[in-house]
Amino acid sequence: MIPKTPKPARESARHGLRIGMIVFDRRQDMVAKIIAFSGPLVHLLRPSGLNWQASRVSLRPGTPYERRQIAALAKLHQQRRPML
């Protein structure tokens with residue numbers, strides 16, 4: 001018998017979520033990007049650097065407006081970041 005290895009991509013696809021996807025977290029009332037999966041939790045990141053974990057059930061795919069919103073936030077933070 002071949003031992004089964006965990007496949008995060010398959011698990012995330014089952015829930016309709018994938019790394020890099022823009023989602024809306026209903027509990028935090030914020031839009032963010034999925035950066036990782038850890039068991040039942042999803043790791044999220046905002047352009048400001050704020051990150052947190054959320055349950056998959058509290059997430060929904062981002063709307064076109066929310067995807068534009070997070071892109072605009074990323075552009076704003078990049079412009080405001082001090083040059084080193």
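Q: In what order do the elements of the protein run from the N terminus on?
A: The order is α-β-β-β-β-β-α, that is, 2 helices and 5 strands. Helices (H or I, at least four residues) and strands (E, at least two) are DSSP runs, numbered from the N terminus. This is a predicted model, in which local features need pLDDT of at least 70 and side-chain atom pairs count only at pLDDT 80 or more, while totals for chains, interfaces and linings use all residues. Residues are numbered from 1 along each chain as its sequence is written, and side-chain values use heavy atoms, with hydrogens and water left out.

Q: In what order do the 5 strands form the open sheet?
A: Strands of a sheet pair through backbone hydrogen bonds, either parallel or antiparallel. Two strands count as paired if DSSP finds at least two bridges between them. Here the order is S4-S3-S2-S1-S5, with antiparallel pairing. Strand S4 (51-55) and strand S5 (59-61) are the edge strands, each pairing on one side only. From one strand to the next the twist averages 50 degrees, where axes are lines fitted to C-alpha atoms (for helices over the stretch in contact) and angles run from 0 to 180 degrees between N-to-C directions.

Q: How many bridges join S1 to S5, and how many join S3 to S4?
A: Strand S1 (residues 22-25) is joined to S5 by 3 bridges, and the two run antiparallel. Valine 23 has proline 61 in S5 as its bridge partner. Between strand S3 (residues 41-45) and S4, also antiparallel, there are 5 bridges. Leucine 45 stands opposite asparagine 51 in S4. S3 and S4 form a hairpin with 5 residues between them, and glycine 49 in the turn has a positive phi of about 105 degrees.

Q: Which residues lie on the covered face of S4, and which on the uncovered one?
A: Trp52 and Ala54 make up the covered face, whereas Asn51, Gln53 and Ser55 are on the uncovered face. For single residues, buried means under 20% relative accessible area, exposed over 50%, and partly exposed in between (1.4 Å probe, protein chains only). Of the 84 residues in the protein, 27% are buried.

Q: What is the phi of aspartate 29?
A: Most residues other than glycine have a negative phi, and most peptide bonds are trans. Aspartate 29 has a positive value, near 60 degrees. This residue is found in the loop between S1 and strand S2 (30-38). Aspartate 29 counts as exposed because its relative accessibility is 59%.

Q: Which residues form the salt bridge?
A: Side chains of opposite charge can pair when their charged atoms come close. The criterion for a salt bridge is a side-chain nitrogen of Lys or Arg within 4 Å of a carboxyl oxygen of Asp or Glu. The structure holds 1: glutamate 66 with arginine 60, whose closest N and O atoms are 2.8 Å apart. At 8% relative accessibility glutamate 66 is buried, whereas arginine 60, at 23%, is partly exposed.

Q: Where is glutamate 66 placed, and which residues is it in contact with?
A: Glutamate 66 is in helix H2 (residues 64-80). Leaving aside neighbours within four places in sequence, glutamate 66 is in contact with Ile22, Phe24, Val31, Arg60 and Pro61. Its side chain also reaches the backbone nitrogen of threonine 63 at 2.8 Å. A polar contact is a pair of N or O atoms within 3.5 Å; within protein, one must be able to donate a hydrogen and the other to accept it, and residues adjacent in sequence count only if both atoms are side-chain atoms.

Q: Is arginine 56 buried or exposed?
A: Arginine 56 counts as buried, because its relative accessibility is 12%. Its place is in the loop between S4 and S5. The side chain of arginine 56 reaches the backbone oxygen of glycine 39 at 2.9 Å.

Notes:
Contact = heavy atoms within 4.5 Å.
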